[in-house]
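Here is a short briefing for a reader new to this structure. Look over the sequence and the fold, then read on.

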Amino acid sequence: MMGSAQVVRADPTASGDVELWELHEELLREIEERKQHQARLLDQLNSIQVPSINTPSPTFNNNAPRMATMAPPPPPAAPAAPSSSSSGSSTFMPPKPPAHKQLERLKPVAQPQPSAPPPSFAQQVLQPVKPQQLMTPPPVQAPPPRPQQPVYEPYQPDQGAEDAPPAEPPLAGENVMNIVMVGAECAPWSKTGGLGDVMGALPKAFARRGHRVMVVAPRYEIYDDAWETGIRRIFRVMNQDVEVGYFHAFLDGVDYVFVDHPSFHFRAKDIYGGERQEIQFRCALLCKAALESVWHVPCGGIAYGDTNTVFIANDWHTALLPVYLQAHYRDYEQMKFSRAVFVIHNMAHQGRGPFVETEQLELPDNYREVFRLYDPIGGEHMNIMKAGLHFSHRIVAVSEGYAWECQTQEGGWGLDAIIRENTWKLRGIVNGIDYKEWSPMSDPHLTSDGYTQYDMDTLAEGKRQCKMALQKELGLPVDPDVPLLGFIGRLDYQKGVDLIRDSHGWLMGQGAQLVMLGSGRADLEADLRSMEASNRDKTRSWVGFSVKMAHRITAGVDMLLMPSRFEPCGLNQLYAMAYGTVPIVHAVGGLRDTVTPFNPFENKGTGWTFERADAEQMRHAVGNALETYRKYRPSYRDLQLRGMAQDLSWDHAAALYEEVLVAAKFQW
């Protein structure tokens with residue numbers, strides 16, 4: 001037996017139990033045989049050569065003892081018996097127990113793990129086997145490295161950025177709020193006049209000041225950049241349940257939400273068309289859908305909510321919004337921290353109708369009485385704008401001059417007394433222009449057909465080239481020295497188109513050219529065609545509307561005519577001055593506020609004005625402009641440059657609007 005350890009056997013005579021002795025001897029013999037078998041197995045395994053990486057692994061018999069991951073324990077010392085098996089064989093069978101004793105086969109002992117218990121008796125008596133004598137598994141190619149995953153750590157301020165300037169706070173400072181503008185039109189998706197431009201430009205100026213801004217308007221057509229939100233809501237409108245959907249677009253930092261309902265479809269070319277009750281239905285539906293859009297439309301994944309929120313309703317089409325806000329929500333402890341501001345764009349349109357129609361507005365009797373108005377012309381009637389003025393927290397007119405005119409009998413259109421009662425919450429703010437759309441330096445409509453972009457330094461050359469391109473495009477004689485006048489606007493009594501018609505013969509006698517663009521009343525459209533037919537070499541009339549042609553006329557003409565009988569603000573005169581085109585305007589409303597009369601003695605002013613909506617007055621102003629253009633070209637050039645040098649952007653107007661919104665916010 002190998003080793004120095006001796007196995008002590010018990011004396012059978014001590015106990016006298018021979019059978020127990022024989023059993024003990026049999027167990028010892030079986031243990032010795034197993035030890036010898038393990039020794040032979042280790043010798044065979046050590047004699048096997050390690051295959052290379054490309055050599056297939058040897059196949060072992062399933063009946064042979066399998067190797068564990070860890071090396072087996074060293075076999076105990078036992079009398080060595082010569083092995084008759086070949087060294088190349090890989091299959092070994094353990095010896096069977098003696099036939100005279102049917103003993104239960106011992107279960108194989110589990111192989112020790114790294115954290116093994118204290119060594120057993122066999123481990124103590126056997127010599128350890130050297131590691132290099134054991135079979136090593138074939139090397140395995142390492143798997144490709146796993147792509148490194150980005151590690152997201154919580155934001156830690158840069159410890160070395162103490163000297164860096166702090167982030168600039170929003171321009172609105174602590175006055176940042178949620179602003180929701182609601183209107184019947186919004187450029188560039190829908191537009192009939194200045195309201196569409198305001199709805200498209202003012203929200204962007206609010207967003208630049210740090211506010212969160214939403215615009216709510218009807219979905220008249222399929223807008224490619226607006227997506228279905230999946231939000232559907234049912235509202236009670238004119239005694240019927242109406243389901244609407246919401247579409248959403250995010251542009252220039254503003255959320256544009258479009259209310260979808262069949263009554264709006266295909267109305268883009270006729271936004272205010274239809275029977276009176278059809279129009280009232282669309283307006284009431286828009287107001288109700290706009291109020292709850294702050295709850296249900298997840299703009300950017302998060303709804304606006306009704307806290308720190310101000311709604312801006314524009315003109316009578318949305319005048320029901322302040323009424324519904326108070327009657328349906330604030331009276332029931334809902335939207336307590338929401339406010340409504342009403343903006344007057346045109347006092348002449350007020351949403352009038354028979355008073356009995358207030359029964360369809362889903363309002364209590366005490367609210368219905370606010371709609372009642374009696375005036376000498378219309379008699380007793382329902383007036384939607386009157387109710388909107390009453391329930392709004394603040395009122396804005398689109399110019400300081402128009403705010404004053406609304407309080408007069410001539411400019412108030414029957415609501416002058418209501419305006420005077422609420423003068424404490426009235427303020428006039430002049431509109432602005434969006435320089436991204438209206439700038440001669442970047443106008444995309446001035447890049448082809450002979451037109452060119454220009455600035456103050458290249459005004460003379462750029463203006464001359466655009467003028468010649470316009471004359472050529474419209475078929476007029478190309479002459480850069482002839483004075484070219486233009487008109488762009490709606491053809492109706494308000495815009496004073498009849499004053500131009502009545503002065504057309506005189507104007508042609510002055511050797512000037514005239515270009516007119518607009519649509520509206522059928523009789524005035526016929527007058528435009530008649531003027532062109534009578535002077536085809538000096539007059540061009542474009543009946544209809546074209547955005548591209550509006551930009552090109554603004555850039556190409558020398559002077560722009562705006563003889564409006566009343567003009568709340570006006571935008572065309574602002575566009576004209578930005579393009580170096582001198583405006584000739586009736587000094588009323590916003591035209592008075594934005595165009596400074598030319599003073600030839602002090603060389604000041606930005607245009608020509610006349611005080612009364614009269615053809616004779618207009619001809620006098622046009623005569624002065626033509627004389628200055630022909631005889632005093634340096635003074636005329638200074639007029640152009642002063643107009644272009646003004647800051648006419650919406651950013652200034654947005655700051656003034658913000659003051660009004662803050663005042664409304666803190667009005668309980």
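Where is the place of Pro188? Pro188 sits in the loop between S1 and helix H4 (194-208). The peptide bond leading from Ala187 to Pro188 is cis, with omega near 5°. This is a predicted model. Its protein chain has 668 residues, and 49% of them count as buried. The secondary structure comes to 21 helices and 18 strands.

**Overall contacts**

- Take the contacts in the protein chain with a separation of 6 or more: residues 24 or more positions apart account for 72% of them.

- Strand S6 (residues 309-314) and strand S7 (residues 338-344) run parallel and are joined by 6 bridges.
- Two of the bridge pairs can be named: Thr309 partners Ser338 in S7, and Ala313 partners Phe342 in S7.

**Helices on the sheet**

**Strand S7, buried on both sides**

- In S7, 7 of the 7 residues are buried, so this strand is largely enclosed by the rest of the structure.
- In a regular strand, side chains alternate between the two faces of the sheet.
- Ser338, Ala340, Phe342 and Ile344 point one way from S7.
- Arg339, Val341 and Val343 point the other way, and all of these S7 residues are buried.

- Helix H6 (residues 320-329) has 9 of its 10 residues buried.
- The buried residues of H6 are Leu320, Leu321, Pro322, Val323, Tyr324, Leu325, Gln326, Ala327 and Tyr329.
- They pack against S1, H5, S6, S7, helix H7 (365-368) and helix H8 (384-391).
- Helix H16 (residues 547-556) has 8 of its 10 residues buried, so H16 is largely enclosed by the rest of the structure.
- The buried residues of H16 are Met549, Ala550, His551, Arg552, Ile553, Thr554, Ala555 and Gly556.
- The cover over them includes helix H12 (459-474), strand S13 (484-488), strand S14 (513-518), strand S15 (539-543) and helix H17 (572-578).

**Cavities**

- The model has 3 cavities of 30 Å³ or more.
- The second largest cavity holds about 80 Å³ of space.
- Its lining is made up of Ala184, Pro218, Tyr220, Phe264, Ile271, Tyr272, Ile279, Arg282, Cys283, Leu286 and His317.
- H5 gives the largest share of that lining, with 4 residues.
- By class, the lining of the second largest cavity has 9 nonpolar, 1 polar and 1 charged residues.

**Residues in loops**

- Asn308 lies in the loop between H5 and S6.
- Asn308 is not a glycine, yet it has a positive phi of about 60°.
- The relative accessible area of Asn308 is 23%, so it counts as partly exposed.
- Glu362 lies in the loop between strand S8 (352-353) and H7.
- Glu362 also has a positive phi, about 55°, although it is not a glycine.
- Gln646 lies in the loop between helix H20 (633-645) and H21.
- Gln646 has 25% relative accessibility, so it counts as partly exposed.
- Leaving aside residues up to four places away in sequence, Gln646 touches Tyr435, Met577, Thr594 and Thr606.
- Gln646 and Met577 are 69 residues apart along the chain, and their C-alpha atoms are separated by 8.3 Å.

Methods. Residues are numbered from 1 along each chain as its sequence is written. This is a predicted model: local features need pLDDT of at least 70, side-chain atom pairs count only at pLDDT 80 or more; totals for chains, interfaces and linings use all residues. Side-chain values use heavy atoms; hydrogens and water are left out. Two strands pair if DSSP finds at least two bridges between them. On a 1 Å grid over the protein atoms alone, a cavity is a set of points where a 1.4 Å probe fits but cannot get out, and a pocket is an open set with protein on both sides within 12 Å along at least five of seven lines; lining residues have an atom within 4 Å of a point. Grid points are joined across faces, edges and corners, and a volume is the space filled by probe spheres set on the points. Ala, Val, Leu, Ile, Met, Phe, Trp, Tyr, Cys and Pro count as nonpolar, Asp, Glu, Lys and Arg as charged, and the others, Gly among them, as polar. Buried means under 20% relative accessible area, exposed over 50%, partly exposed in between (1.4 Å probe, protein chains only). Contact means heavy atoms within 4.5 Å.
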